[in-house]
Amino acid sequence: MLQCSGVTVRFGGLVPLDGVDLHVPDRGLFLVVGPNGAGKTTLLNVISRLVTPSAGSVRFAGRDLLALEPSALLYAGIARSFQKAELFVGLSALDNVLVGLDHRRVPERAARMRALGMLEALGLGGVAHVTAGTLPHGYQKLVDLARALVSEPKLLLLDEPLAGVTAAEIPTLLRAIRDAARDRAVLMIEHHLELVLELAERVTVLDFGRTIAEGPPETIRRDPAVIRSYLGGKAVEHAW
Amino acid sequence: MSILPQIVLSGLAQGSLYALAALGIVLIFNAGGIVNFAQGAMAVVTAYATWGLLNGAHVPYPLAVALALGAAFALGVATEMLVLRRVADAPPLTQIVVTLGLLMLLTGLVGIVFGHDPRSLPELVTLPSISLGSLILVPSEGFDLAVLIVLVAALMLLLRRTKLGLGMRALSQDRFAARLAGISLTRVLSLTWGIGVALAGAAGILAVPSTTLTPATMDTLVIYGFVAAVFGGFGTLSGAIVGGLLLGVVDNLIKTYLAPELSLSVVFALLLLALYVRPNGLFGRAVVRKV
Amino acid sequence: MVSSAVLSFARSERFALLALVLAIAFPIACGFRTYPLFIAAQFAVFAMVALSLDVLMGRSGQISLGHAGFFALGAYAAAILSARFDVDLLAGAIAGAALAALGSLIVGLPATRLSGHYLGIVTLGFGVAVAQIALKWTALTNGDEGVHVRTIHLAGIVLSSPLHVYAVAFVALAAVAVFAARLPRTRLGRAFAAVRDSEIAAAAMGISVARTKVTAFVISAAIAGAAGALYAALTGFVAPEDFGISQSLLFFAMVVVGGTASTAGTLLGALVLDAVSQGAATVGGLSVALIGAAIVAVALFRPAGLKSLWRRGEGSR
């Protein structure tokens, strides 16, 4: 469904992405991993139209994504979460999630019910009316996820959803991600491989802006190039 | 056609005042990221101080100007130390609120102390005009330009040759590196405010003889200063100077050939147009935000 | 958490009502004399502009230092239509709102790419430019002499006494206050807040940032323009000196002192600052100095403004 071919991004002398290909089918969890600076977030930003690549193409459900405005993506069926949550800090958690429904013009009352249901499913029912900016960071990440999920996208982009989330919230979060991946494509960047690798259907490993490995988790785990570059030569089991 | 050089010349003279105003604004903006909306009110305070020294204390004119500029410098330093320092890390809106509050406070105080009757200052240079063919050289206009050149030269020396100047340049580029280099940023910032306000004060004193002095006189001058700064990209001193001079000439051309009373509106329209085409000013650079 | 949110909302409404009741009661307590009626109606008009500015600043996060410009467009449109064609106040207000909305496009369109300090400069310049045009385009505006409004009639009924205008002004203020208070609970209000808080996330949520910013400018200016039409009806006379920088800054100060993104706060701020500027008006410069000192103090010590009387732990935005 999502097809990136030869995506290259240049900022001055830097090349954060250098000819990356990526194919994401209709359903399932797809993981993009790699060391810091490998180009993961840049890739996500290209797909969500925050960064325009200097070369390559990005197609989604037969459409050229690069021809769309960032604000057209949700209408095309693509929603995303952010590494630093990027909530609307002055709005309540509930209103943040409501924004995720606003593009469909759901009647206010029905929208409130659905947004509240989404928050409750993520264990956030108790903070629905709290101003988002005052929530602890882990809660903010969950609200960010809820805001993206409630729009029922065909493709969900998650930028390190586990970063900054406390241990107590992780099972809920993982369950939500797994459920979401059941009937849609989820493209996720994550460092906590020990927690998410088993959930993933396929994994793409980036390093210095290039794809160095691609395949199902079992293969990736044993790939010598991955071990060398991403894991710094340490024993795989130990590091993961 | 023969009056065109004359118009350009007077425009440059007027533009040198805008350039001074813009320089003060940009200097302060570069150092601390704050646009001082009170710059005009501070110029008014300087001009009234000169008037007071001249007419109240009967100090000789040049000395009155020097003392008033010293007071402007002190006002700038005090403003930074007592007020702006507290909102250095606040959101832009809060900083704008503070400088607007100062604008109102100072304008109000000047009105209370000096009243609202128009005052005037004599010309600093009172030599007869010189005819050069069809061109008439007005000494006071030449003086405006000369002041700009001297002050810019002094500023360049300061920036290039002194430790304070090094600190000012460091502030505008990389605060972290400046701190590593052992430069006391707080002191540099205060002094920069002093210099910036003194520049506005100089523009104010030079502007008064050709108009009249009321608490609201400098509103226009400062808006032209802002426009000049924006034309110059709001970040470079050379941009401010070029922007100011250019604006003076453009303004004078509009006044002569189009409609004298609508000059500010036309200038404002040009500003909008420039910003619409180049949101970061004519010579500015784009800023990219990271997610 | 839920109950405290409801409680604080109720408290804010109480403060807003208190402000309104004080303003409405003032001329009644003075026995319906003309001058108190005028002062109260003028407060209602200024408060409408302050609320319109809060829609722009507090709700959508864009600054305007030239709201007197939109106010002036509305006032002149209504006054000129009344003076030349004897147009009804309702039609005048609609025309005023439309002209102000049109004017807002001039600043609103570049505003989509500007923020913070730049937008401050542009809007300040806009306000000054409008006042200057009003002063110099004498064929249309009579320049310094101003425009005298003819008999004021609203939907065919002649408003013969200040009491009538006073009543109309407060009904209009109530309508604007209800709109401003409900806005955050609508789709549009959420889009405003989204653009204010994170443009990137707003776009990711399907919100066109540019269109939303322009919409906020247009709505805000239209309200200010309608208020301007009322102002023309109230004073019966419109002149450039009513729409200078100081008037723009007064509106700005009302929002800041009251607390941005708060309808009740803005109403309270409008009441307090209007009282200060009326009370201190006899000494030249005193009211300006006081208001300046007030907003510096607010920014330094209470960034949330008067709304922090009932809301805790919020900074200014």
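Contact, in what follows, means heavy atoms within 4.5 Å. Helices (H or I, at least four residues) and strands (E, at least two) are DSSP runs, numbered from the N terminus. This is a predicted model, where local features need pLDDT of at least 70 and side-chain atom pairs count only at pLDDT 80 or more, while totals for chains, interfaces and linings use all residues. Residues are numbered from 1 along each chain as its sequence is written, chains are lettered from A and ligands numbered from 1 in the order in which they are written, and side-chain values use heavy atoms, with hydrogens and water left out.

Let's start with chain A, which has ten helices and ten strands. Its radius of gyration (taken over C-alpha atoms) is 18 Å, close to the 18 Å that the globule rule gives for 240 residues, so chain A is as compact as a globular protein of that length. That rule is 2.2 Å times the number of residues to the power 0.38. Of those 240 residues, 56% count as buried, meaning under 20% relative accessible area with a 1.4 Å probe and protein chains only; exposed is over 50%, and partly exposed is in between.

Now zoom in on helix H3 of chain A, residues 93-102. Ten of its ten residues are buried, so this helix is largely enclosed by the rest of the structure. Among them are A:Leu94, A:Val97 and A:Leu101, but also A:Asp95 and A:Asp102. What covers them? The cover includes helices H2 (73-76), H4 (108-121) and H5 (137-149) of chain A, together with helix H8 (187-197) of chain C.

Chain B has eleven helices and two strands. Buried residues make up 51% of chain B.

Finally, look at the nonpolar cores: sets of buried Ala, Val, Leu, Ile, Met, Phe, Trp, Tyr and Cys residues joined through side-chain atoms within 4.5 Å. The largest has 186 residues, and those with the most contacts inside it include B:Leu23, B:Phe37 and C:Phe170. Helix H2 of chain C (residues 34-60) gives the most to this core, with 16 residues. A second, separate core of 52 residues includes A:Val97 and A:Leu119. Back at C:Phe170, its contacts include C:Leu20, C:Ile24 and C:Phe43, leaving aside residues up to four places away in sequence.
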